[in-house]
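Q: Please take a close look at the aromatic pairs in this model. How many are found in a search of the whole structure, and which parts of the chain do they link?

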Amino acid sequence: IRECATTTGKASSSSSSSSSSSCDACPYCDDRCGDPKCVVCAAKKERRHRDRFTLCEIRRHSTATSCWIVANKNVYDVTAFLPRHPAGTFSIVRHAGGRECAEDLGFHSPRAQRLWHQHKIGRCVPCPCETTDSHDTNAFRRLMSWLAA
């Protein structure tokens, strides 16, 4: 059974070659691993919708050097703001990589909420792996339902 990398942490595909055996990119969406020599990721076409991101892609941005957060299905790249956050870098990074942060957005003042919107880069969309027949897909569907709420 082919499974989405979002739920398993590693993609499994019958077409992977030995040079991309360490590829953990989801085979169902635009997600790409960090290896510039990866044959599987190099074969993926250029992104069609640069403002739509799957959780598979978002999960790669969970560090202080690349920090994306999700609130109400909106995706924010807050990397540049991290050093200026009054509560420190860790308070944001711990929520990065796909965890729903709508409650955190609501906690902030209207001025701070406007600042969040300056960092919006797109929307969180479901990965096509949702339509595959996998036991791990149910966990992914629950997460997407939670994001939709």
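A: The pairs are taken one at a time below. This is a predicted model, in which local features need pLDDT of at least 70, side-chain atom pairs count only at pLDDT 80 or more, and totals for chains, interfaces and linings use all residues. Residues are numbered from 1 along each chain as its sequence is written, and side-chain values use heavy atoms, without hydrogens or water.

Two aromatic pairs turn up in the whole structure (ring centres of Phe, Tyr or Trp, the last by its six-membered ring, within 6.5 Å; stacked under 30 degrees between planes, edge-to-face over 60, tilted for the rest). One of them is formed by Phe 53 and Trp 68, edge-to-face, with 4.9 Å from centre to centre and 65° between the planes. This pair links distant parts of the chain, 15 residues apart: Phe 53 belongs to strand 1 (residues 52-53) and Trp 68 to strand 3 (residues 66-71). Strands here are DSSP E runs of at least two residues, and helices are H or I runs of at least four, numbered from the N terminus. Phe 53 and Trp 68 are buried (under 20% relative accessible area with a 1.4 Å probe, protein chains only; exposed is over 50%, partly exposed in between).

Tyr 76 and Trp 116 make up an edge-to-face pair as well, with centres 5.5 Å apart and planes at 70°. Because Tyr 76 sits in strand 4 (residues 74-77) and Trp 116 in helix 6, this pair ties together parts that are 40 residues apart in sequence. Tyr 76 and Trp 116 are both buried.
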